[in-house]
Amino acid sequence: MHPMVNIAIRAARSAGNVIKRSSDRIDTLNITEKSKNDFVSEVDQQAEREIIRTISKAYPDHSILAEESGAHQGNDYQWVIDPLDGTTNFLRGFPQYSVSIAMKYRGKLEHAVVYDPMREEIFSATRGQGAQLNDRRIRVSSRKDLDGALLGTGIPFRDDQDLDSYLPTLKVLIQGTAGVRRAGSAALDLAYVAAGRLDGFWEYGLREWDMAAGCLLIQEAGGILSDTDGSSNYLSSGNVVTGNDKIHQEMLTRIKSCK
Ligand code: 2AM
Ligand code: CA
């Protein structure tokens, strides 16, 4: 395993410990609303500090982009961090959330870790080296079409998101599939596509820290990702559709038919 993945796993585990310790005292947490329905707690902030401390100790010159504290300028290596993806779930005791850490070198994704502290699952990948769940190699599903596929999505929750253009995509992607899940942690949803648990996933308006690690996991598990308009801008637009090549193509065709 690459030393940077080891550091990312160490950082994710220390954040996971903060999260697990706090999960039985949710009532006592300090919570603020970043924007309507978008929450942050002292746990997000403490978990992020743990991650940054671990990474900076190993790599003091690297840059960091983190959900709660923003950009810390350094060299061409940049760590993209979501300390607690699925905060709303966490704050309700709904056990579906994760820690997401990606490393980019000169803008290109090199390493990824998504950690589910509730299930002790570590999804990891290095560019060109494949993706793993704990010590086992993972692949995207081999399903040939949307008939019977299980899909994940994110339903808009912020006031500034365009629910009216999302809903038709939900309608066309429910038809003929085995169903659609809205689990609440985009990083974990993407990891589930990499592991073949979901056949595909789409969401609009994600931020880079929600997606970066999950996207590399999918690439390394043999999946395809694109923007919902078919371009390759998904990391900057935050609009993503993904699955194996056939599922991705069919999803994209149906999504485009909604325009
Ligand atoms: P966060 O917990 O790190 O903010 C998927 O929809 C993404 O949106 C999640 O990964 C989650 O990341 C973010 N999100 C923020 N508020 C949300 C909410 N009320 N419902 C669902 N997702 C939310
Ligand atoms: Ca997030």
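Author: Start with E120, in the loop between strand 7 (108–116) and strand 8 (121–126). Strands (E, at least two residues) and helices (H or I, at least four) are DSSP runs, numbered from the N terminus. This is a predicted model, where local features need pLDDT of at least 70, side-chain atom pairs count only at pLDDT 80 or more, and totals for chains, interfaces and linings use all residues. Residues are numbered from 1 along each chain as its sequence is written, chains are lettered from A and ligands numbered from 1 in the order in which they are written, and side-chain values use heavy atoms, without hydrogens and water.

What stands out about the backbone of E120? Phi of E120 is near 55 degrees, a positive value in a residue other than glycine. Most residues other than glycine have a negative phi. E120 is partly exposed, at 35% relative accessible area. Here buried means under 20%, exposed over 50%, and partly exposed in between (1.4 Å probe, protein chains only).

N134 is not a glycine, yet its phi is positive, at about 50 degrees. N134 sits in the loop between strand 9 (131–133) and strand 10 (136–138). With 37% relative accessibility, N134 is partly exposed.

Now for the salt bridges. Side chains of opposite charge can pair when their charged atoms come close. The cut-off is a side-chain nitrogen of Lys or Arg within 4 Å of a carboxyl oxygen of Asp or Glu. The whole structure has 14 salt bridges. D160 pairs with R158, with the closest N and O atoms 3.2 Å apart. E120 comes back here: salt bridges that share partners join R13, K20 and E120 into one network.

Other bridges span the sequence. K34 pairs with E67, and their closest N and O atoms are 2.9 Å apart. K34 belongs to strand 1 (residues 31–35) and E67 to the loop between strand 3 (63–66) and strand 4 (70–72), so the pair ties together parts that are 33 residues apart in sequence. K34 is partly exposed at 38%, whereas E67 is buried at 19%. R106 and D76 also form a salt bridge, 2.8 Å from N to O. R106 is in the loop between strand 6 (98–105) and strand 7, and D76 is in the loop between strand 4 and strand 5 (77–85), so this pair links parts that are 30 residues apart in sequence. R106 is exposed at 62%. D76 is partly exposed at 40%.

D82 is buried at 0%, and D85 is buried at 6%.

Finish with helix 2. Its buried residues are V43, D44, A47, E48, I51, I52, T54 and I55. They cover an arc of only 160 degrees around the axis, which puts them on the same side of helix 2. That arc is taken from the directions from the helix axis to the C-beta atoms. The face turned away from this buried side carries the exposed residues R49, R53 and K57.
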